[in-house]
Amino acid sequence: MNKITKYTAVLTLASAMTFASTSTAQATTEALTQAPQQTPQQVNLGSENIMAVAWYQNSAEAKALYLQGYNNAKTNLDEALKKHKGKEKLAIALDIDETVLDNSPYQGYAALHNQPYPEGWHEWIQSAQAKPVYGAKSFLEYADKKGIDIYYISDRDKEKDFKATKHNLKSEGLPQASDKHIMLKDKNDENKASRREAVKKDHRLIMLFGDNLLDFDDPKQPTQLSREALVNKHSKDFGKKYIIFPNPMYGSWESTLYENDFSKSDTYKDQLRRQSIQYFDPDTKDVKQDK
Ligand SMILES: [Mg+2]
């Protein structure tokens with residue numbers, strides 16, 4: 001490149017840079033002046049779940065809570081075995097998602113990319129990469145060794161997800177992951193009650209495990225009040241017959257916030273989430289709720 005060409009090139013680059021910075025400045029000014037006319041700030045429901053996923057994946061407390069549940073279950077199991085007489089077989093029934101398998105990488109995808117369920121869910125299941133939650137595998141191995149029948153009762157789709165679910169459970173070395181012992185949601189299944197009843201036909205079902213009330217019993221209504229009434233009804237069962245695990249990422253509790261209508265807009269869901277929260281007002285010293 002000779003001197004003149006080089007000089008011309010530098011000038012061209014400099015003017016291009018000046019133009020670019022002027023355009024950026026113009027664009028920023030335009031954006032600022034236009035902002036009030038735009039629709040309210042875009043709601044990102046996915047990012048609202050980031051702390052829940054971060055807690056679930058990174059807190060030692062989440063792991064400790066799983067251990068607490070499974071340790072309790074082991075004590076209960078030993079007691080049941082000690083008292084057990086007769087020929088009736090003992091069984092336990094476990095939900096799969098967030099009870100035996102950890103699907104938080106899927107929740108991470110949904111949160112970081114603002115994708116609503118079931119976007120990507122079946123792809124996640126098909127990939128069969130879910131790892132067991134803390135304490136699940138050693139407890140289930142213990143139950144298996146003690147001759148307990150283990151049933152995995154999950155609302156994963158039987159038609160779409162059975163094969164990959166079985167593969168995932170088996171590849172993680174979880175015991176009794178056979179066709180008979182994996183009971184996924186069929187077209188005719190409204191809830192889990194009929195599958196629990198099927199197990200009870202020839203077993204004494206000593207414990208149920210889940211991260212959702214529906215893994216234990218069904219409330220009369222899918223409302224917050226009715227769900228709390230169910231918890232009170234079974235207040236003595238938790239930690240004994242019912243082992244419940246933490247799931248702040250999703251669950252039936254969430255749908256009660258939206259009157260069980262997930263088709264509501266993201267903006268309205270965000271509003272309902274906010275309205276569900278009680279907060280302290282430092283000015284008035286009151287605890288309030290905006291309804
Ligand atoms: Mg679950």
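## Strand pairing and helix packing

In this predicted model, strand 1 (residues 89-94) runs parallel to strand 6 (residues 203-210), the two being joined by six bridges. Within strand 6, Phe 209 is the residue opposite Leu 94. Strand 6 also pairs with strand 7 (residues 242-244), again in the parallel sense, over three bridges. Here Leu 208 has Tyr 242 of strand 7 as its bridge partner. The pairings are set out below.

| Strands | Sense | Bridges |
|---|---|---|
| Strand 1 (residues 89-94) and strand 6 (residues 203-210) | parallel | six bridges |
| Strand 6 and strand 7 (residues 242-244) | parallel | three bridges |

Helix 10 (residues 224-233) belongs with strand 6 and strand 7 to a right-handed β-α-β unit.

Helix 5 (residues 104-112) shows how a helix is placed in this chain. Its buried residues are Ser 104, Tyr 106, Gln 107, Ala 110 and Ala 111. Viewed down the axis of helix 5, these residues fall within an arc of 150° and therefore line one face of the helix. An α-helix has 3.6 residues a turn, so residues three or four places apart point the same way. The elements covering the buried residues of helix 5 include helix 2 (45-48), helix 3 (50-58), strand 2 (101-102) and helix 6 (121-127). Just after helix 5, Asn 114 adopts a positive phi of about 50°.

For the chain as a whole, the secondary structure amounts to twelve helices and nine strands. Of its 291 residues, 24% are buried. Among contacts between residues at least 6 apart in sequence, 75% link residues at least 24 apart.

Terms used. Residues are numbered from 1 along each chain as its sequence is written. This is a predicted model: local features need pLDDT of at least 70, side-chain atom pairs count only at pLDDT 80 or more; totals for chains, interfaces and linings use all residues. A residue is buried if 20 or more other C-beta atoms lie within 10 Å of its own, exposed if 12 or fewer, and partly exposed in between; C-beta atoms are placed from the backbone. Helices (H or I, at least four residues) and strands (E, at least two) are DSSP runs, numbered from the N terminus. The arc is that of the directions from the helix axis to the C-beta atoms. Two residues are in contact if their C-beta atoms, placed from the backbone, lie within 7 Å. Two strands pair if DSSP finds at least two bridges between them. A crossover is right-handed if, with the strands pointing away from the viewer, the path from the first strand over the helix to the second runs clockwise.
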